[in-house]
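Dear colleague,

I am passing this structure on to you, together with some notes on what was found in it. Please have the sequence and the 3D view open while you read.

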Amino acid sequence: MRVHLGCDHAGLDLKDHLTAWLTEHGYEPVDHGPFWYDAEDDYPVFCLRAATAVAEERAAGQDSLGVVIGGSGNGEQIAANKVPGIRCALAWSEETALLGRQHNDANVVAVGGRMHPIEDMTRFIELFLAEPFSGAERHQRRIDELTAYERTGDLPPLPPRPSDA
């Protein structure tokens with residue numbers, strides 16, 4: 001499986017570690033940068049490229065996933081989620097990493113390079129990459145609502161009030 005990586009300066013060490021870890025574990029890492037430390041770099045430059053590559057490959061039928069990394073992971077998640085077709089989950093625990101895949105069929109995971117030890121973040125990513133989407137009807141329905149909104153900009157209809165039923 002191809003795994004696209006993007007980060008900012010705060011995620012550079014983890015990205016470099018993950019590139020080696022992914023290779024050792026049979027994944028094909030694709031590094032979208034940065035490639036050197038610059039405390040003034042901008043995460044959208046790199047995270048948008050990683051997320052775009054995931055979206056393009058998935059649209060072409062490939063089973064690619066992505067990892068975006070920053071100090072907290074929040075900005076990187078926001079950036080990745082701007083790319084049509086991307087569902088990026090912020091993982092801060094083993095459970096959130098698993099649920100991002102099981103319930104949301106997330107195709108990119110964001111982690112905060114300053115939030116946890118490198119071993120914990122590697123574990124979150126390991127779990128995320130290995131976990132399948134549950135395919136449960138309620139989860140698929142919600143993903144379909146988001147996908148339709150992304151395509152059309154039309155809000156999903158509100159459910160009827162109990163008194164209207």
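I begin with Glu57, which lies in helix α2, where helices (H or I, at least four residues) and strands (E, at least two) are DSSP runs, numbered from the N terminus. Glu57 counts as buried because its relative accessibility is 13%; buried means under 20% relative accessible area, exposed over 50%, and partly exposed in between, with a 1.4 Å probe and protein chains only. Leaving aside neighbours within four places in sequence, Glu57 is in contact with Arg2, His4, Gln62 and Ser64, contact meaning heavy atoms within 4.5 Å.

Before going further, please note that this is a predicted model, in which local features need pLDDT of at least 70 and side-chain atom pairs count only at pLDDT 80 or more, while totals for chains, interfaces and linings use all residues. Residues are numbered from 1 along each chain as its sequence is written, and side-chain values use heavy atoms, with hydrogens and water left out.

Next, the cores. In soluble globular proteins, nonpolar side chains tend to be buried together. A nonpolar core is here a set of buried Ala, Val, Leu, Ile, Met, Phe, Trp, Tyr and Cys residues joined through side-chain atoms within 4.5 Å. The largest nonpolar core has 23 residues, of which Leu18, Leu22, Val67 and Leu129 touch the most other members. The elements that give two or more residues to this core are the strands β1 (2-7), β3 (65-70) and β5 (108-112), together with the helices α1 (12-24) and α5 (118-130). A second, separate core holds 14 residues, including Ala79, Val83, Ile86 and Val108. To return to Leu22, its contacts, not counting residues up to four places away in sequence, are Val3, Leu5, Tyr27, Pro29 and Leu129.

Two packed helices are described by the angle between their axes and the distance between the axes; the axes are lines fitted to C-alpha atoms, for helices over the stretch in contact, and angles run from 0 to 180 degrees between N-to-C directions.

The axes of α1 and α5 come within 11 Å and cross at roughly 50°. These two helices are therefore oblique to each other, given that angles under 35 degrees count as roughly parallel, over 145 as roughly antiparallel, 65 to 115 as roughly perpendicular and the rest as oblique. The crossing of α1 and α5 is right-handed, a term used if the near helix is turned clockwise from the far one by less than a right angle, whereas anticlockwise gives left-handed. On the α1 side, Leu14, His17, Leu18, Trp21 and Leu22 meet Ile118, Met121, Thr122, Ile125, Glu126 and Leu129 in α5. By class, this contact has eight nonpolar, two polar and one charged residues, where Ala, Val, Leu, Ile, Met, Phe, Trp, Tyr, Cys and Pro count as nonpolar, Asp, Glu, Lys and Arg as charged, and the others, Gly among them, as polar.

For helix α2 (residues 43-59) and helix α3 (residues 74-81), the axes come within 8 Å and cross at roughly 50°, which makes α2 oblique to α3. Here Tyr43, Pro44, Cys47, Leu48 and Ala51 in α2 meet Gly75, Glu76, Ala79 and Ala80 in α3, a contact with seven nonpolar, one polar and one charged residues.

Helix α4 (residues 94-102) and α5 pack at an angle of about 25°, with their axes 8 Å apart, which makes α4 roughly parallel to α5. In this pair, Glu94, Ala97, Leu98 and Arg101 of α4 meet Arg123, Phe124, Leu127 and Phe128 of α5, and the classes are five nonpolar, no polar and three charged residues.

Some single residues remain. A cis peptide bond, with omega about 0°, joins Gly33 and Pro34, and Pro34 lies in the loop between β2 (28-31) and α2. Asp16, in helix α1, is 18 residues from Pro34 in sequence and 9.9 Å from Pro34 in space, C-alpha to C-alpha; at 42% relative accessibility, Asp16 counts as partly exposed. Asp105, found in the loop between α4 and β5, has a phi near 50°, a positive value in a residue other than glycine, and with a relative accessible area of 15% Asp105 is buried.

With best wishes
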